[in-house]
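Biologist: I would like to learn how to read a structural model feature by feature. Could you take me through one?

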Amino acid sequence: MPRSRPRRAPRHRLAALVALLPLAVLGTSAAPAEAATAAWPGPVPVVHHVDTTDPVVFITLDDGWNHDPAAARLLLDRRVPASLFLLPGAYAYDSGYFRTLLDHGRSRVENHTVDHPDLTALDAAGQKAQICGAREAHLAEFGDGPRLLRPPYGTYDATTRITARACGAKAVVTWTHDMTTWGGRTPPTPALAPGDIVLLHLDETVEQDLRRVLDAADAAGLRPAPLRDYVTE
Ligand SMILES: [Zn+2]
């Protein structure tokens with residue numbers, strides 16, 4: 001029986017076409033589907049760790065419900081370039097907290113969707129509403145569009161990666177270490193390595209969690225760096 005390798009190629013092409021199908025939903029062009037898919041860039045990469053030899057670590061803060069002044073002081077005093085994956089609802093009642101971080105510090109606002117759904121439970125139109133909707137809200141409030149998408153719960157699918165591109169993101173970002181204190185339980189502190197992405201949350205323990213991460217970075221000889229700048233287009 002002949003090797004099936006040559007005959008598998010059409011299946012791969014078919015798989016590629018299937019992966020691109022949501023584009024037909026997302027596309028606004030009236031051009032024929034074939035032309036639209038040919039011109040469309042591919043899905044964004046998924047990043048859980050940055051491949052770098054620079055002595056850097058990336059601090060990311062999710063959601064944004066607790067506007068802790070002590071945490072803001074720490075971010076500003078230490079010049080921490082944090083990636084803030086904010087929900088629009090978490091700044092709707094007080095955007096000033098984040099404006100200060102953006103205007104006087106090195107932090108950037110990134111995309112964490114509008115309503116924090118499990119994106120894999122949504123179709124292409126639903127994912128677009130969540131991801132592009134958050135981008136538009138951030139742009140309107142802060143004048144700066146997000147370039148990174150952190151999907152809620154770290155769950156994503158092929159549609160998420162394509163939709164992220166359509167909504168201005170250059171990567172889907174998960175994390176290397178979750179160092180959030182969950183339910184009063186402080187997780188063990190890992191030995192941080194260059195390129196690690198640390199997940200924290202803007203909740204009640206954010207200041208102490210942030211100090212723990214900064215101490216761990218110091219211990220490892222790493223400095224916090226801007227994740228957006230380290231993720232290539
Ligand atoms: Zn979240």
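The dialogue below goes from the chain to its cores, a helix pair and a metal site.

Modeller: This is a predicted model, in which local features need pLDDT of at least 70 and side-chain atom pairs count only at pLDDT 80 or more, while totals for chains, interfaces and linings use all residues. Residues are numbered from 1 along each chain as its sequence is written, and side-chain values use heavy atoms, with hydrogens and water left out.

Biologist: How many helices and strands does the chain have?

Modeller: The chain has 8 helices and 9 strands, taken as DSSP runs (H or I, at least four residues, for helices; E, at least two, for strands) numbered from the N terminus. Of its 233 residues, 46% are buried, where buried means under 20% relative accessible area, exposed over 50% and partly exposed in between, with a 1.4 Å probe and protein chains only.

Biologist: Which residues have the most contacts inside the largest nonpolar core?

Modeller: In soluble globular proteins, nonpolar side chains tend to be buried together. A nonpolar core is a set of buried Ala, Val, Leu, Ile, Met, Phe, Trp, Tyr and Cys residues joined through side-chain atoms within 4.5 Å. Here the largest has 30 residues, and Leu-61, Phe-98, Leu-192 and Leu-200 have the most contacts inside it. Helix α7 gives the largest share of this core, 6 residues. Apart from it lies another core of 12 residues, including Val-47 and Ile-197.

Biologist: At what angle do the axes of α3 and α7 cross?

Modeller: Two packed helices are described by the angle between their axes and the distance between the axes. Axes are lines fitted to C-alpha atoms, for helices over the stretch in contact, with angles from 0 to 180 degrees between N-to-C directions. The axes of α3 (residues 69–77) and α7 (residues 206–219) cross at roughly 25° and come within 8 Å. The two helices are therefore roughly parallel to each other (under 35 degrees; over 145 is roughly antiparallel, 65 to 115 roughly perpendicular, the rest oblique). Contact, meaning heavy atoms within 4.5 Å, involves residues including Leu-74 of α3 and Leu-210 of α7.

Biologist: Which residues coordinate the zinc ion?

Modeller: Donors are N, O and S atoms within 2.8 Å of the metal (3.2 Å for Na, K and Ca); water is not among the atoms, so sites may look incomplete. Asp-63 (OD), His-112 (NE2) and His-116 (NE2) coordinate the zinc ion at 2.1 to 2.2 Å. Along the chain, the donors follow the spacing D-x48-H-x3-H. Asp-63 in strand β2 and His-116 in the loop between β4 and α5 are 53 residues apart.

Biologist: Is Asp-63 buried or exposed?

Modeller: Asp-63 is buried, with a relative accessible area of 14%.
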